[in-house]
Amino acid sequence: MEIAMSIVIGIVFSVAVYMLLSRNIIRVVLGTLILSHGNHLLLITMSGLQRGAPPLLNFNEESYTDPLPQALVLTAIVIAFGVTAFLIVLVYRMYKEHELDDLEDLRGSIDE
Amino acid sequence: MSALHFATLTPFLLAILIPFLFKYIKRIHTGWFVLFIPLILFIYFLTFIPVTAAGETLMSSMAWVPSLGINFDLYIDGLSLLFALLITGIGTLIILYSVYYLDKRTEKLNNFYVYMLLFMGAMLGVVLSDNLIVLYVFWEMTSISSSLLISYWYYRDKSIYGAQKSMYITVFGGLSMLAGFSLIYIMAGTFSIQGIVANLEPVVNSPLLLPAMILVLLGAFTKSAQFPFHIWLPDAMEAPTPVSAYLHSATMVKAGIYLVARMTPVFGGNAEWFWIVTAAGLTTMIWGAVSAVRQKDLKAILAFSTVSQLGMIMSLLGAGSAAYYFGDGDNALYVTAIIAAVFHLINHATFKGALFMAAGIIDHETGTRDIRNLGGLLTIMPITATLSFIGLASMAGLPPLNGFLSKEMFFNAMTYITEYGIFGIETWTVILPVVAWIASIFTFLYCAIIFFRTFTGKFRPEKLETRHVHEAPIGMLVSPAILILLVVVIGLFPNILAYSLIEPAMRGILPGMIGAGEFFEVDIYHWHGFNIELMMTIGVVLFGSLLYMTMQKWSKLPFYHRENDVFNTVYDTGYEGLIKGSQFLTRIQMTGRLRDYLMYICAFAILLFIYTMLRFDAFVISTENLSGIDPYMWGLMLLLVASVIAVPFINNRITAIIVTGFAGFLVALMFTVFRAPDLALTQLLIETVSVIMLVLAFKHLPKLWKEKTRPMIKAPRLIISIGVGVMVTLGSISAFTLGGQAGYTGISEFFTENAKSLAGGYNIVNVILVDFRGLDTLMEVLVLGLAAIGVVSMIKLRFKGSEDV
Amino acid sequence: MKPIRPNDMMLQVTIRIVAIIIFAFSFYLLLAGHNSPGGGFIGGLMTASAILVLYLAFDVKSISKALPINFEMVIGLGLLLALGTGIVSMILGFPFLTQFFDYFQFPVYGEVELTTALPFDIGIYMVVVGAVMAIILRIEEDDI
């Protein structure tokens, strides 16, 4: 399953980067969302999948799935939410102030 | 921390008080308070003379970064003591002079004296530290304080230009010096100069010796304004005159001389050292002397003359270093050369300091320094004229002043070189005394120009800026008078310095050349008989006078009118080119498009990835140890791929948001399959909240529209995104496979085993979050809190009206 | 969150009950987090969803009256609480954020494990609730 998942993650990353390279600012925001999904899956997949019981000691199993990537990803999910929220508000405040949604038009002036 | 450390750091500590003194005590000139610092330090350092005169040295250690071998060690021997006395002694006189030179009502005295004290402390640090890194730190501090002082009148363009120039050149030298020091450390294994000198074996036999030598010399040459780095010194004359007299003639520019003297025991045994130092010194000397003649500004003449005199001291140190090459300390040549170097160092500080102060007085009283406008000041400023005359006579090398004595010894050393036929290149060494002699003629010539153009001739008050030209106040004349007094006294009784300062300093430059308890023979006297040196001096006076008499004729030549140094053009062109080049680079690179920047980042990441994978043969794939795929997992993966691929094609905001959210829920489902219940719950809830947030923000968001991009842009965009995807896939597979093969237990094992016993929890993920890695979690919620506050402030705080955002 | 027409009685009645259940479950998740799935993050998100559900069913004004909480303040308090547990262990001479636990006998309930990780987790919980609610409510309020 790891190899199959790696390919899926590769596709998710490709799409995310493709979106990030868009001109439309909403696509860029959605790109970051998709990128964070890919990232979380990548972290989990790299450490190996389904190596044992869920990391809860109540199960009294011999082996457990690696808990560390899970802890990392849990942190990452929450941070990603914070970043997305910030980005969205940044985008729409910017849109309200300047009425611009095309990154081509959002370039700094030449003399900067 | 010893008294010595305290003394070195005193200027820094007391610099803190200066702004307050300036602000609250307006009635008294701030300089009067500052005056005590160098004065007390000077007296303190005087107490060391008996120690060094007895041939002893003093080392005082203080640990700083002991693990890296960097200690704040201070070392006093004859050489460092001589410099410390020059710094504090001349410093006292300069501060006294500055009290009268700078008006307390109009000048920013707080800046001036803070910079001055910074410089003084840094300079003391340079000459006293034994550790190369500490020396380097102080060295750069002198560069910085020097720039600050040059730009003291910062509203003048020329001041800023001069400050920048000196900064660029000396900091460039400083950095290469640091590289040289690092090489020395690689060779010797220590940063302590005395440690290196004590164990020279690994240094001398290392192939790194020559690069280290050249790098260290670059530092010394830039600081001491040696050819072709001398161009910053004339521009540094934009500084107030006390600064020029102190930093740019008496002390800071001698730091390079100090470094060369200090490093002579390390590098002196090499023919390259002899040739580079001597040749650079003599080239500088003649270039400086010839350039000085062309200048029309008093201070510019003095600046080029300083360049020339520094070159002379440098060449003497080079000649003296041959002692190491022959391993012979008794030879008269080396002894004479080093005596002359040390002696002239002292002499130059006395007469040049006095001359700068005299130039400052003339500038202060007449408002101009242009020798074309000056003239006839002899009767108006008799004291200044007398002082200048003695100083100039000493610089020109006229008996019985101290300049004469050192110039004689200089000629002596230079002619000896030819006799000894050093390194078997006799034909070449003949050039050295000839160059020295010609440079001396020009020295005589510009001395004559300064004196006669300023003090004799016709007084033309209409060309001057001030109406009533008169003699300077007594206070301003005290400092140059003391220095000129020294010129005369040293000239008449040179041997008072012989065993108190000069001989101990020589022991510092040539340690190991002489056994313990023995002393170099230092005997300076006026009359050597009718020998070649005397003839050379007489020749200098004759030819110099002749050239001055015929000045009317040759001053029409274009040579005389081309004041600008060739190397200034080189510097300016290079500087402009650098700025233009970087602007050009910035322009082609910084397009202002987010897309371009992301492309650079991704492309570079891909290239780096490819390189690493090929270099370490890191791509590994194995079908072993894989976990099986449940049938529903195929469905999940297909759905995820399909929904994600669909997103870029959707041109409707709400659909795009929902499809993205759908992908997020699929990820949550996958987490359950991966046996991560906490993750699944978190992802599920976050996705819910995110979608709610997106839908709420929906009314504010701009529309999605179909993008029309040219294939020129579309192709690289596709290539880069697919490249990133492939890179991630390959990286993930390799990481997984290698992780399984590595065979060591990760830290996860520790968490699994100890969750119950150490933290009393069954949910390992939660235990990691709140206990084992609690600090990470704390920082994470801090980030979340900051993001929330950022959102709130973006919404609540609005820019009003015309503010540009 | 848009002002919903007042005749959504079914929704309002159901949500009242559902919200209470979600609240209760979120507290369970928070407290049980040390030993079974849950914890500060999940509990916090769950609570935030419960509040959001209430906002869905009722108008902003009445909920703001019922829950007069300044969520920006909650973020700060949560951070202080989490930081405080770390500092307490520092005062006691242990490294920053060292957690302790012990088992106590309670008269009726029986043996209970009490840990200092719980106040820390509650701090996280408060930050999460505060942050999510602050972000969403501010976006909702923004009508310029």
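Q: Fine. Is B:Arg262 buried or exposed?
A: B:Arg262 counts as buried, at 4% relative accessibility. Buried means under 20% relative accessible area, exposed means over 50%, and partly exposed lies in between (1.4 Å probe, protein chains only).

Q: Before going on, what should I know about the model and the numbering?
A: This is a predicted model, in which local features need pLDDT of at least 70 and side-chain atom pairs count only at pLDDT 80 or more, while totals for chains, interfaces and linings use all residues. Residues are numbered from 1 along each chain as its sequence is written, chains are lettered from A and ligands numbered from 1 in the order in which they are written, and side-chain values use heavy atoms, with hydrogens and water left out.

Q: Back to B:Arg262, then. Which side chain meets B:Arg262 in a salt bridge?
A: The partner is B:Asp77, with 2.9 Å from N to O. A salt bridge here is a side-chain nitrogen of Lys or Arg within 4 Å of a carboxyl oxygen of Asp or Glu. The two residues lie in distant parts of the chain, 185 residues apart: B:Asp77 is in the loop between β4 (74-76) and α5 (78-101) of chain B, and B:Arg262 is in helix α14 (residues 254-267) of chain B. Helices (H or I, at least four residues) and strands (E, at least two) are DSSP runs, numbered from the N terminus.

Q: And B:Asp77, buried or exposed?
A: B:Asp77 is buried, because its relative accessible area is 4%.

Q: What about A:Arg93, which residue does it form a salt bridge with?
A: A:Arg93 pairs with A:Glu97, and their closest N and O atoms are 2.7 Å apart. The two are separated by about one helical turn because they are four residues apart in helix α3 of chain A. A:Arg93 counts as buried at 8% relative accessibility, whereas A:Glu97 counts as partly exposed at 38%.

Q: How many salt bridges does the structure hold over all chains?
A: The structure holds 13 salt bridges over all chains. One of them joins the side chains of B:Asp103 and B:Arg105, at 3.2 Å from N to O. In that pair, B:Asp103 counts as partly exposed at 29% relative accessibility, and B:Arg105 counts as exposed at 71%. Salt bridges that share partners also join B:Lys796, C:Glu72, C:Arg138 and C:Glu141 into one network.

Q: New topic: how many residues do chain A and chain B each bring to their contact?
A: Chain A brings 81 residues and chain B brings 95 residues. Contact means heavy atoms within 4.5 Å. Chain A and chain B bury about 8,300 Å² between them, 74% of it on carbon and sulfur atoms. Buried area is the accessible area (1.4 Å probe) that two parts lose on being put together, summed over both. In chain A, the residues that lose the most area to chain B are A:Met1, A:Tyr18 and A:Leu21, together 9% of what that side buries.

Q: Last one: where is B:Gln309 found, and what is it in contact with?
A: B:Gln309 is found in helix α16 (residues 298-320) of chain B. At 1% relative accessibility, B:Gln309 counts as buried. Leaving aside neighbours within four places in sequence, its contacts include B:His344, B:His348 and B:Tyr446.
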